[in-house]
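These notes are for a colleague opening this model for the first time. Please read them with the structure in view.

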Amino acid sequence: MENFQLDAALRSLDSVQLAKVSGRLVRVSGMLLESTGCQRMTGERCYVEQGDGSMLEAQVVGFNRDISYLMPFKKPVGLTAGSRVFPTKHEASLHIDESWLGRVLNGLGEPLDDLGKLSGRDPLPTELPRVNPLRRRPVEAPLDVGVRAINALLTLGKGQRVGLFAGSGVGKSVLLGMITRQTKADVVVVGLIGERGREVQEFLLHSLGEEGLRKAVVVVSPANESPLMRLKATELCHTIAAYFRDQGKDVLLLVDSLTRYAMAQREIALALGEPPATKGYPPSVFGMLPELVESAGNGESACGSLSALYTVLAEGDDQQDPIVDCARAILDGHIVLSRHLADVGHYPAIDIAASVSRCMSQVSAPHHLQAARQFKEYYSTFEKIRELIPLGGYTPGMDNKTDRSVQLAPMMERFLRQDVNASADLEQSVNTMQGLMK
């Protein structure tokens, strides 16, 4: 018996790790860490020993010969030359189910709401979901967002991906809050990426509310967090939304903002030495944006949908900004907010002439499309002569279309305005617009 136990103990020595593999930190440049001796594949994680003995989680984002470039998820504290770098044995995987609804978490899936650890029955993929374009279900049903101007003139469909384009302070977040409260969806996934930390609690209290939070998952990565965390938070939003879509739910994905995601990738790419291309953005940014957006939308199943709404910051109100231009090309529509309308107190400040929904013709009836075309035509005609009317440059009776546009102008403006707490469903919005155009 003793010999048997001795033999078993000797055999177990082969599995005992006599040495712990580690690398060394050789350089720190901003948020980029350089290490040697800990060879890991790009995308894999490792731990860096800090001055207080705690471990800092980081990810390999690149390499140069025997030097690995690491980007930490959180702000490093007390790093020194020679700090040890340990490879992770097994990366922790997230598991998800309906218990995630009503929770607030960060880009790593760690809870921020003090409601306990997140768990679930199904593993959550670590990569962005991919859908075969030939098997993706088309956009066929309208999406009621509760905003009159959008429902009537820029009708969206279930599975459509749309951008809210505007400069700073024009009302993107307020309009996003209106759509969040009023859209009819089974699950709402919200990504607050790179925005002010103050807005997180305000969005939870005022935009979502207690009832809205019950059917929502909120992923938060404020502006003061590392660029890698902002990237992970944005991608986590999409994997969560795709999971509930594949469960047969109608999902609304809201990301505020897509521009901050691009800026986070710009920070990482420039730190790695990638050359800037357009307005400081390296080429990798324009490769990652389509990959992110294509992970949203409808899936292969006949049930469930994933509609996505992204805010896009037009710096200096420049609609030709490279990120704005790229997003406009890869999304299924764009809603442009005008600073001029916001300055005169016109909310929501949607410029219907500059906005378009590419799926409207697929989800709207012919009489609806005809009324929307007439409305835009009269609205554009009036905008051309608006400034001439006080100067006496408009003479009634010269042109029937112009006369009609001037007559309808006050009613069209009232139609396009909407109080923040007011709701206008799709059928009501279309009927009201058709009544105006008779």
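1. Where does Arg65 lie? Arg65 is in the loop between strand 4 and strand 5, and its phi is near 55°, a positive value in a residue other than glycine. Helices (H or I, at least four residues) and strands (E, at least two) are DSSP runs, numbered from the N terminus.

2. On the basis of these notes: the model is predicted, with local features needing pLDDT of at least 70 and side-chain atom pairs counting only at pLDDT 80 or more, while totals for chains, interfaces and linings use all residues. Residues are numbered from 1 along each chain as its sequence is written, and side-chain values use heavy atoms, with hydrogens and water left out.

3. Strand 4 (residues 55-64) and strand 5 (residues 67-72) pair in the antiparallel sense over 6 bridges; two strands count as paired if DSSP finds at least two bridges between them. Ala58 stands opposite Pro72 of strand 5. Both strands belong to a closed barrel of 6 strands, ordered 1-2-5-4-3-6, with antiparallel pairing. From one strand to the next, the twist averages 45°.

4. Leu192 has Asp256 of strand 15 as its bridge partner.

5. Contact means heavy atoms within 4.5 Å. Axes are lines fitted to C-alpha atoms, for helices over the stretch in contact, and angles run from 0 to 180 degrees between N-to-C directions.

6. Cis peptide bonds. The bond from Asp256 to Ser257 is cis, with omega near 10°, and Ser257 is in the loop between strand 15 and helix 6. Another cis bond joins Tyr347 and Pro348, with omega about -10°. Pro348 is in the loop between helix 9 (339-343) and strand 18.

7. Helix 7 and helix 8. Helix 7 (residues 283-294) packs against helix 8 (residues 322-330) at about 35°, with the axes 10 Å apart. Val285, Phe286, Leu289, Pro290 and Val293 of helix 7 meet Pro322, Ile323, Cys326 and Ile330 of helix 8. By class, this contact has 9 nonpolar, no polar and no charged residues. Ala, Val, Leu, Ile, Met, Phe, Trp, Tyr, Cys and Pro count as nonpolar, Asp, Glu, Lys and Arg as charged, and the others, Gly among them, as polar.

8. Helix 11 and helix 13. The axes of helix 11 (residues 366-385) and helix 13 (residues 426-437) come within 9 Å and cross at roughly 60°. That makes helix 11 oblique to helix 13 (angles under 35 degrees count as roughly parallel, over 145 as roughly antiparallel, 65 to 115 as roughly perpendicular and the rest as oblique). Residues in the contact include His367, Phe375 and Tyr378 of helix 11 and Val430 and Met433 of helix 13. The contact has 8 nonpolar, 4 polar and no charged residues.
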